[in-house]
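Student: Hi! I have just opened a new structure and could use a guide. Can we go through it together?

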Amino acid sequence: MDARLQALLDRAEITALVHAYCNAADRHDHDKMRALYHDDATDDHGAFFKGLAMEFIDSLPAIQEPMLILHHNVTTVNIALDGDYAEGEIYVLAFHQVRTEAQPVDLLIGGRYFDKYERRDGVWKFKHRAVVADWATFNDPSTVCLTHPMIEGSHIGRPGPGDPSYGFFRLLRRGQQL
């Protein structure tokens with residue numbers, strides 16, 4: 001196969017992996033999240049968590065419990081390839097609405113993922129992911145309003161299996177990576 005075509009295919013598969021991570025995080029889909037990492041992969045969320053990715057995923061239910069909304073948006077994707085190894089600098093906007101004792105608060109983070117990927121048995125997965133925050137905006141109280149008359153009657157997204165996407169899609173399934 002032409003090396004340029006293989007590079008396009010590899011970049012497309014890695015980009016799909018990055019997007020699947022965002023979906024798994026936002027829907028609190030821990031089975032899907034596990035499928036995206038090699039078993040020996042590591043994750044570095046700074047002081048928040050640093051260690052084996054599977055241990056990070058084990059801790060996600062407690063971390064995500066107060067999160068009413070998670071919404072990750074990938075913007076710029078820079079991927080460098082070297083055979084079965086690749087690196088990515090992935091820009092992300094990550095919105096969090098978090099329940100507190102007083103009221104929900106908002107945290108919007110602009111940052112980047114520093115990724116190392118490996119293709120094993122023909123499948124690209126994360127080997128290492130580090131999270132870098134470049135800026136953040138905090139609103140207390142939350143400015144989210146899902147009851148405004150302009151969205152009345154809209155389907156409202158939510159974390160977990162109650163999200164409307166699971167009743168709509170036949171091919172995009174919870175716990176599964178495409």
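Tutor: Happy to! Keep in mind that this is a predicted model. Let's begin with Asp 58, which counts as partly exposed at 49% relative accessibility.

Student: Okay, which side chain does Asp 58 meet in a salt bridge?

Tutor: That would be Arg 34, with a distance of 2.4 Å from N to O. The two come from distant parts of the chain, 24 residues apart: Arg 34 sits in helix H2 (residues 30-36) and Asp 58 in helix H3 (residues 53-64).

Student: Is Arg 34 buried, partly exposed or exposed?

Tutor: Arg 34 is partly exposed, with a relative accessible area of 30%.

Student: Why do such side chains pair up at all?

Tutor: Opposite charges on side chains can pair when the charged atoms come close.

Student: How many salt bridges turn up in the whole structure?

Tutor: A search of the whole structure gives 13. One of them joins Asp 44 and Lys 50, at 3.9 Å from N to O.

Student: And those two, Asp 44 and Lys 50: buried or exposed?

Tutor: Asp 44 is buried, with a relative accessible area of 17%, because the cut-off for buried is under 20%. Lys 50 is exposed, with a relative accessible area of 65%.

Student: Nice. What about Arg 112, which residue forms a salt bridge with it?

Tutor: Asp 134 does, and their closest N and O atoms are 2.8 Å apart. Asp 134 belongs to strand S6 (residues 123-139) and Arg 112 to strand S5 (residues 105-120), so this pair ties together parts that are 22 residues apart in sequence.

Student: How accessible are Asp 134 and Arg 112?

Tutor: Asp 134 counts as partly exposed at 40% relative accessibility, while Arg 112 is buried, with a relative accessible area of 17%.

Student: Which residues are linked in a network of salt bridges?

Tutor: Asp 40, Glu 118, Arg 120 and Lys 127 are linked in that way.

Student: Switching topic: how many disulfides are there?

Tutor: The search of the whole structure finds 0 disulfides.

Student: Remind me what a disulfide is?

Tutor: A disulfide is a covalent bond between the sulfur atoms of two cysteines.

Student: Then let's look at cysteines. Is Cys 22 buried or exposed?

Tutor: Cys 22 counts as buried, at 5% relative accessibility.

Student: And what about Cys 145, how accessible is that one?

Tutor: Cys 145 is partly exposed, with a relative accessible area of 44%.

Student: Great, thanks for the tour!

Note on methods. Residues numbered from 1 in each chain as written. Predicted model: local features only at pLDDT ≥ 70, side-chain atom pairs only at ≥ 80, totals over all residues. Heavy atoms only, no water. Disulfide = S-S within 2.5 Å. Buried < 20%, exposed > 50% of the residue type's maximum accessible area, 1.4 Å probe, protein only. Salt bridge = Lys/Arg side-chain N within 4 Å of Asp/Glu carboxyl O. Helix = DSSP H or I, 4+ residues; strand = E, 2+ residues; numbered from the N terminus.
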